[in-house]
Amino acid sequence: MLKHIFRSFFTLIFAALVGSVVVFVLLRQLGGDVVTAMLGKEAAPIDVSYLREELGLNQPLIVQYLNWLGDIARGDLGTSYAMKLDVFTEMMRRLGPTAMLTIGGLIVSVPLSLILGTYSAINAKKIRSGFVDVFTTVGIAVPTFWVGLLFALLFGVRLGWLPTGGYIPFTEDPLQSIRSVILPVAALSLGVTSVFTRYVRTAMLDVMNEDFMRSAMARGRTRRGAAIIHGVRNASIPLVTVAALQFGQLIAGAVVVENVFVLPGIGRLIVISTLGREVVVVQSLAMVLMLIILILNFLVDIAYGFLDPRIRDKESVDV
Amino acid sequence: MKAIQIARKSGRRRGFAFAIVAALAVAACGSSDDASETVEDSTTEETTAPSEEAKSTTLIVTLAQEPASWDYYTVGANALRVPTFYNVSESIVELRPDGTIVPMLAESWEMSADGLVYTFKIRSGVKFHDGTDMDSADVVYSMKINAKSPNSKLSAPHAYVASVTAPDASTVVITLKQPSSTYLKNLGMSAGYVVPENWLDSPDLTLKVMGTGPFVFSDYKADTTLTLTRFEDYWGAKPYFEVIDFRFIDDETAALNGLLAGEYDVVSKVLAEGIERVESFTTDSKFKVQFESANENSFMWLSVKEKAFKDIRVRQAIAHAINREEALAVYDNYADVACLLVIPDAEPYNSDYCPYPYDPEKSKALLKEAGYENLEIDFPFVTVASHPFTMEVLTQQLTAVGIKVNSRGLDLNTWIAETWTGGVYGMGEVRDSADILQWGCKGGRNPLGNPKPGLCIKEFEDQLAKADAFINYDEHLKAMNTLVKTFADLAWVNSIAAVKVPQIMKANVTGIPTVSINNAFDLRTATWGN
Amino acid sequence: MLQLRDVRVVIDGHEIIRIDELDLAPGSRLGLVGESGSGKTMTAKAIAGLLPDESKVSGSVIFEGQDLLTLNDREMSKVRGKRIGFVFQDPARSLNPMMRIGKQVSEAIRIHSDLKGDAVTAKVIDLLHQVQLPEPETLLRRYPHQLSGGQQQRVMIAAAIAADPDLLIADEPTTALDVTVQEEILRLLISLSEERKMSLMFVSHDLGVIRFVCDRVAVIYGGNIVESGRIEDVVAHPMHRYTAALLAANPGMPKDDNFSAFIGKRLQTITGSVPAVGKFPSGCRFRNRCLSATDACSTMPSPITTGNDHRYLCWNPGDRGQS
């Protein structure tokens, strides 16, 4: 088990490093830099290279990369060039909306997908599972931003039930805070739920064909009872992997939804920083998100052991 | 008729998503009458009672753009000046929408007979928002740093300054190397910014704007809000509102939805996909739409590096291919045709002069004559705001005379780096607020002044040098009139339209000027009407 | 106690099972024998109501006076586990890998009785004792993969009899196990059946194993019960040519009563192979492989019953010497 953890850990670090190089190189391929972004069209015809010098943008790329990496290794995410904001502080400030979106998305989509997917699998050959199929097909097909716009227009403008955008921090007013994320979470969850429902359905259908499901029914479980008591847990093993991947999708979806609903989250920070050529901010955020997703996958690896007794025993024998 | 068709066409594209949403919303209501009724209900609900709202001393205003930082000295974007100029920052003098120059931080001034020496009497009792008193030392400091700013809005007008001195605490003397008829006017804009001494060394430089204006820059949350609060020690008449709550909402659909839902009071600018919804607000009695004269012209220019464009016949051919009337569709006709690069378009030296009216046949003939019948032009454009739609219109018009246009969409900063300040390309299109005097070859403005060596046309340069140096105002105007015509004749830069920017607000908001000076969204006189 | 009458199972338009008559008396042990594809597992599933959704079943399966075919899934679930227990072929796959042994053995108890908590545990421990598993107290906290194949099958048996069913249907319960373990499991089934006065339907392809366990046998081919009767009658005087062929293919039969003497001598191939579903000939299903087939065999023979309820379907009956 320990050996397994070490191996996963080094893979994680290596993947993060490769990822950081890719992000660094890609960002440098964009035209213009933060000086361009600050001066805009108004750059005076004087030599403005002193600004680049001041900001350290004239250093060789490898030096810039290593400086940044060194800071990261010390736990310093750096500061933005233009505003001189500490990236970590800014990230924490923006964690609220993104966390509420992604966690809210998980809270909504995971149980809903489990219910819909299981229902659809149990009734696989009946017409009513077709309703679930229609829902998931629509949910996958419609773009998240469009759903967001539709929700904002319907529930925000027309019905006036919920705000059309903006974010109130949870610590300021919990009720209003939750109200402000209901529509975004709904818009975000639709696609993710649809995709995940399909995975649940497939996993459940596989499990339903297992001999132990027949055994359970032979002991007196109904088809549905067997599916819920024996099926869900067994189906959960492949689903945990997918859920970890879906979390990445949730973060990607959050970027879109944050823009539609004007939520000042991390997704918007990445977009704004990329447009503003705040390369350090983007690099550090990408690194943090990459680490979160990689760590999540790493935890999923370990979680298998807890979920599946066979793997747990196998690994304890390994060491 | 053709113009309308194009408006429809480009409109369909830009508003595709919205069109579906709107269609569904209408379908959901059953009828559009029903829809407006319901909106009315929700608005009333939201604002509870109009009388209560009328008493509110907070104004909620959406802003479409956010600056990279609040460092006024470096940041060139309008986004910085929109919420802060006049509201937070003040200049030595004030340029009024009618073009007159009135006292601001200088109570009075005198110009020497040769037009070289300006003596300003600095207002006393003026405090900066940090509580310190403003005096001539602050003004001298400000003028000196402004002259060195990498931001041409601040530094370019100071090009002819020889010295800035303060004989006493309430007097500032500025001496020029040569007369400049526009110098004083420019002191009413970015070049006249006054900040406390040593503000450039403050750690707060990038985080806030410091000034003497009627509102204090009191709180800023990136990507969320900018809060201005009324400055109780303000030297002048205090504004009505105690708090201005600016919200950064770059998605126009979201901003307009919020306005409809009663969440905001004013949407400060409608620039892109929201344009086609403006009309629905003009017919809604709960809202008021006014058109801000943006002091911006949309123009296209040709790269000075392209061999083909060195032949004036090719440039003329391109100029003749442009149908400006049709291009107004981009702005849903909230713009005026402008053949001359006169900013603001209300300047007295403006005229209807249009050397190259729309004439596709002549255009084709000129191309044939010049031997460029198979001309190809590389056209990088910015993928936000009105630019994609303008690109579409220009591409269509140039294609109609047999020119092959290869357009490529870029994000703003890539575009600036690859087009405005250099790079290899054929033509560009932009909305800009720089006046003609900044287009000279010596220290000239992008894109013609850069990359070095820029474009130097003797005829234009001679006129340019003279026009600003006239001390006599009428002579100056006459010279300027000739200058802008000459510039148009050259056909390197073809002005297309003077753009008006719709501002949409609740019907009872009043006092927001419709002419914007230095891009300011001036809220000094804003209040509730009725 | 169990009577099958005119049971037809049709899947995708093919008649898979056609059983006119099959009876199981209380306390008796009936063997159902046939090659793979002969329909024996389908018959067991038809009784349990565990056939795939798309199958159509007609006729009647009368169990203790109740026709099981008229029950829906919920009603049938009250019969399964409580009145009829099931043991399946592959214990490793038939146990839920993610559920502890105790939980699986107690499942039927928890479903069908009001017992709770410690009483359930006590009963599970008792059951594990009954199936002769060592250290039941620790065993019930283990997972299936931690047990050997024989232990797993004992667990399956314990789980099947947990709610004290009157009938146990065992479908090839020893096929996946090695020879010595097979004998133990078979002896366990016999003793449980005797102690509990529990009827047993034992499904196997191995006549030897059935001879060891059962008192009666039904031979199934092509979904038809071609011959049935007391095991010694059928073995001594096989009337159907298929039964005869089965016996001939197993030379260790029937002289030696010792299990290990004939076990492992697997059924040798009968000429030809079992046709695919829907490819059986009309009339006698076996006629295309039968060496004694005549023209008469193209129509379905009527059942003939001789003494001791020895019943068969054959136009040209004879003992194995003639085959």
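A salt bridge is here a side-chain nitrogen of Lys or Arg within 4 Å of a carboxyl oxygen of Asp or Glu. In this predicted model, Asp223(B) meets that criterion with Arg94(A), their closest N and O atoms lying 2.9 Å apart. Across the interface of chain B and chain A, five salt bridges are found. The same interface holds 15 residue pairs in polar contact, with both residues at pLDDT 80 or more.

## The B–A interface

Of the two pairs of chains in contact, chains A and B share the most contacts. Chain B contributes 59 residues to this contact and chain A contributes 47 residues. The size of an interface is often expressed as the accessible area lost when the parts come together. Between chain B and chain A, the buried area is about 4,300 Å², and carbon and sulfur atoms give 59% of it.

Polar contacts across this interface number 15 residue pairs, and several elements of chain B supply at least two residues each to the side that touches chain A. Among them are the helices H2 (16–29), H3 (32–46) and H15 (412–420), together with the strands E8 (215–221) and E16 (427–432) of chain B. H2(B) gives the most to this side, with seven residues. By class, the side of chain B that touches chain A has 27 nonpolar, 19 polar and 13 charged residues.

## The A–C interface

In the contact between chain A and chain C, 26 residues of chain A meet 30 residues of chain C. The area buried between these chains is about 2,500 Å², of which 52% comes from carbon and sulfur atoms. Arg214(A), Ala218(A) and Arg219(A) supply 28% of the area that chain A buries against chain C, more than any other three residues.

Three salt bridges are counted between chain A and chain C. In one of them, Arg93(C) is joined to Asp211(A), with the closest N and O atoms 3.5 Å apart. On the side of chain A that touches chain C, helix H9 (211–218), helix H10 (223–260) and helix H13 (309–318) of chain A each supply at least two residues. By class, this side of chain A has eight nonpolar, five polar and 13 charged residues.

Chain B and chain C are joined by no contact, and their closest C-alpha atoms lie 41 Å apart.

## The sheet of chain C

Chain C contains an open sheet of eight strands with mixed pairing, in the order E6-E7-E8-E3-E9-E10-E12-E11. Strand E6 (84–87) and strand E11 (304–306) of chain C stand at the edges with a single partner strand each, so one side of each has no neighbour in the sheet. Neighbouring strands of this sheet are turned by 15° against each other on average, direction ignored.

Within this sheet, strand E7 (residues 167–171) and strand E8 (residues 199–204) of chain C pair in the parallel sense over five bridges. Phe202(C), in E8(C), is the bridge partner of Ala170(C). Helix H1 (residues 40–48) of chain C lies across strand E3 (29–33), E6, E7, E8 and strand E9 (216–221) of chain C, and runs at about 145° to E8(C).

Methods
Residues are numbered from 1 along each chain as its sequence is written. Chains are lettered from A and ligands numbered from 1 in the order in which they are written. This is a predicted model: local features need pLDDT of at least 70, side-chain atom pairs count only at pLDDT 80 or more; totals for chains, interfaces and linings use all residues. Side-chain values use heavy atoms; hydrogens and water are left out. Contact means heavy atoms within 4.5 Å. Buried area is the accessible area (1.4 Å probe) that two parts lose on being put together, summed over both. Helices (H or I, at least four residues) and strands (E, at least two) are DSSP runs, numbered from the N terminus. Ala, Val, Leu, Ile, Met, Phe, Trp, Tyr, Cys and Pro count as nonpolar, Asp, Glu, Lys and Arg as charged, and the others, Gly among them, as polar. Two strands pair if DSSP finds at least two bridges between them. Axes are lines fitted to C-alpha atoms, for helices over the stretch in contact, and angles run from 0 to 180 degrees between N-to-C directions. A polar contact is a pair of N or O atoms within 3.5 Å; within protein, one must be able to donate a hydrogen and the other to accept it, and residues adjacent in sequence count only if both atoms are side-chain atoms.
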